[in-house]
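Please keep the sequence and the structure open while reading.

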Amino acid sequence: MTDIVERRDDLPAVEGDRGGVGSVGEHHPVRGRASPLPRVRQATVALVAVAAFALCVRLAEVDPRALLEGLPKMAGWAVEAWPPSTQGLHELLVRAAQTVAIAVVGTGLAVVAALVVCIPAARNLTPGRGVRAAARSLLNACRGVDSFVFALLFVAAVGLGPFAGTLGVAFHTFGSMGKLFAESIEGMPRGPLEAAELTGAGRFRTVSWVVLPDVVPGLVSVALYMLEFNIRASIVLGVVGAGGIGQQLKNAIDLLDFPRLLTIIIIIFVMVAAVDTVSSRLRAHLR
Amino acid sequence: MSEPGAPTLQVQGLGHCYAGATVLHEVSFDVAPGEVVAVIGPSGAGKTTLFRAITRLVDPSQGRALVDGKDLVVLAGRELARARRNVGLIFQQYNLVRRLSAIDNVVIGRLVHLPWWRALLRCPTGEERALALDCLERVGMAPHARARADTLSGGQQQRVAIARVLAQRSSLLLADEPVASLDPTSAASVLAALRAVARQQSIAVVCSLHQVDLIGGFADRVIGLRDGELVLDVAAADLADHHRAAVYRARPEPSLDCEPALSKEG
Ligand SMILES: Nc1ncnc2c1ncn2[C@@H]1O[C@H](COP(=O)(O)OP(=O)(O)OP(=O)(O)O)[C@@H](O)[C@H]1O
Ligand SMILES: [Mg+2]
């Protein structure tokens with residue numbers, strides 16, 4: 001009881017800070033309960049949050065002095081890097097194309113696998129709980145492991161090069177995409193499915209004729225989005241030896257070859273922008 | 001097919017509960033081949049539930065629903081799918097695939113007969129396509145065969161849905177308020193089309209209606225549902241005002257039931 005009285009006494013002060021709405025709280029005790037926490041508690045929460053953040057700053061070994069010393073170094077590189085080198089430009093362009101290829105093939109393989117597994121994973125197509133749980137776990141497992149980690153594993157298994165990167169992209173994307181596909185299918189209206197079910201048609205025919213036409217714009221949109229994401233991912237994959245422009249990037253940094261580095265960065269920028277533009281144009285056309 | 005003269009549909013003591021509330025109480029009736037039965041009843045009487053229970057879109061809590069002598073209630077999996085080919089259902093909300101053309105929606109009625117690769121490529125045989133077009137023709141929708149379903153009006157969509165069920169060539173046709181969204185002229189022509197297929201192909205038709213005045217000239221028999229119970233089963237020709245009154249009679253108000261008790265206390 002006293003607790004409520006105290007809170008109500010607190011209200012005008014708290015809300016007064018926000019400028020003039022305090023009187024509303026006074027007249028409506030019910031509203032008062034939904035209003036911000038009392039000051040003491042607010043302060044405690046803020047203090048704990050600040051302390052937690054400070055701890056994280058320590059753990060992340062944030063060191064402004066290192067940054068201050070490092071910045072001029074970077075500025076020096078920028079000066080050194082100009083003009084970007086055109087030496088071996090052809091090789092770089094081929095590597096860039098390789099990066100795009102890793103993303104495209106990886107995403108493509110993932111689309112095929114995701115289309116198969118999203119059907120047992122979708123609640124409205126698969127009534128059996130066991131099958132659905134198995135499909136979902138497979139998708140979640142693949143989604144939980146980053147393409148970077150998959151690529152490391154595949155480099156060990158199939159050797160250095162773009163194929164390992166492609167497999168890495170494919171496996172992770174399969175997990176994410178299968179889950180999004182399944183959700184897309186679960187969002188479709190139930191009526192047309194029931195109508196098809198009542199004709200006695202099996203699942204394959206129903207999916208082909210009734211489900212796919214309805215969900216295809218959603219699926220294509222998801223696939224294009226994943227492709228955009230995978231272009232960036234496959235650049236990073238080069239760093240673990242999966243080929244592509246990322247590998248050239250790492251080599252240039254290791255050799256402190258700044259003009260070449262600048263060229264690579266420009267190529268990456270153009271490449272990512274081009275894919276994003278094409279992909280978002282295509283997605284806008286979906287209806 | 002069972003022996004000639006046997007009813008196409010036999011509903012025996014069919015009941016259904018939603019979350020403990022019984023909405024269908026031991027409903028029983030038969031429908032002969034070629035017979036047209038109208039189902040009337042106020043909103044919430046259980047008409048949709050009756051159709052969903054017969055087709056096993058919901059699992060009935062009791063009773064049997066025999067189509068051509070096969071009890072759908074006890075079937076499962078492939079056998080249920082096979083038995084369902086003999087049952088066509090026209091839904092209250094059409095249930096077309098929005099992004100498919102009218103004719104592709106009608107082909108859904110033939111889906112089970114298409115080779116798997118034709119289903120995948122969405123490329124029916126010329127024969128199936130002609131049949132689908134013929135079904136559209138019968139409901140007056142042939143001129144809109146290529147139109148996408150979501151560009152059609154409600155009434156047009158319902159006619160496409162009817163064509164889809166006609167394409168299925170089932171021996172039993174269930175229709176849940178098929179003309180509720182049609183103008184009077186197209187309502188009459190759609191019901192006439194349903195009656196014609198019933199007669200020509202000896203299909204049993206069970207059709208729920210809200211417009212009682214449409215029954216004459218359409219149905220052979222009328223059954224009435226109220227609060228999930230079958231309260232009427234008469235020949236359409238004998239349908240009289242007191243029958244309608246029995247079906248549509250206002251439910252007794254709970255407060256009325258309480259009044260005597262209150263006055264006793266007071
Ligand atoms: N999915 C459901 N879950 C729970 N109750 C339901 C469900 N569907 C229907 N009901 C209830 O079952 C009863 C019968 O509903 P039903 O849809 O069969 O009536 P209806 O005769 O088709 O009505 P209308 O003429 O309005 O279409 C109603 O009381 C309704 O509230
Ligand atoms: Mg209904």
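1. Which residues of α8(A) are buried? They are S147(A), F150(A), A151(A), F154(A) and V155(A). The arc they cover around the axis is only 145°, so they sit on the same side of α8(A). Bear in mind throughout that this is a predicted model.

2. The other side of α8(A) has L153(A) and A156(A), both exposed. Cover for the buried residues comes from elements including α7 (129–144), α9 (162–186) and α11 (203–237) of chain A.

3. Now the helix itself. α8 of chain A runs over residues 147–158, 12 residues in total. From first C-alpha to last it reaches 15 Å, close to the 16 Å expected at 1.5 Å a residue.

4. Look at both ends of α8(A). At the start, D146(A) places a side-chain oxygen within 3.0 Å of the backbone nitrogen of F148(A). After the helix comes G159(A), with a positive phi near 95°.

5. Chain A as a whole has 13 helices and 0 strands. Of its 287 residues, 38% count as buried. Take the contacts in chain A between residues at least 6 apart in sequence: 72% of them join residues at least 24 apart. The accessible surface of chain A is about 16300 Å², and carbon and sulfur atoms account for 67% of that.

6. Next, the interface. Chain B puts 33 residues in contact with 22 residues of chain A. About 2400 Å² is buried between the two chains, with 63% from carbon and sulfur atoms. On the chain B side, R84(B), R99(B) and L111(B) lose the most area to chain A. Together these three give 24% of what that side buries.

7. α7 of chain B spans residues 184–201 and has 18 residues. Its reach from first C-alpha to last is 26 Å, close to the 26 Å expected at 1.5 Å a residue.

8. Which residues of α7(B) are buried? The list is S186(B), A187(B), V190(B), L191(B), A193(B), L194(B), V197(B) and A198(B). They share one side of α7(B) because their arc around the axis is only 150°. On the other side, P184(B), T185(B) and Q200(B) are exposed.

9. What covers the buried residues of α7(B)? The cover includes the strands β3 (36–40), β6 (87–90), β7 (172–176) and β8 (204–208) of chain B. It also includes the helices α5 (126–138) and α6 (154–168) of that chain. Just after α7(B), S202(B) has a positive phi of about 50°.

Technical notes:
Residues numbered from 1 in each chain as written. Chains lettered and ligands numbered in written order. Predicted model: local features only at pLDDT ≥ 70, side-chain atom pairs only at ≥ 80, totals over all residues. Heavy atoms only, no water. Helix = DSSP H or I, 4+ residues; strand = E, 2+ residues; numbered from the N terminus. Buried < 20%, exposed > 50% of the residue type's maximum accessible area, 1.4 Å probe, protein only. Contact = heavy atoms within 4.5 Å. Areas by Shrake-Rupley, 256 points an atom, 1.4 Å probe, with all protein chains shown as cover. Expected span 1.5 Å × (residues − 1). Arc of directions from axis to C-beta. Polar contact = N/O pair within 3.5 Å; in protein donor to acceptor, adjacent residues only side chain to side chain. Buried area = accessible area lost by both parts, 1.4 Å probe.
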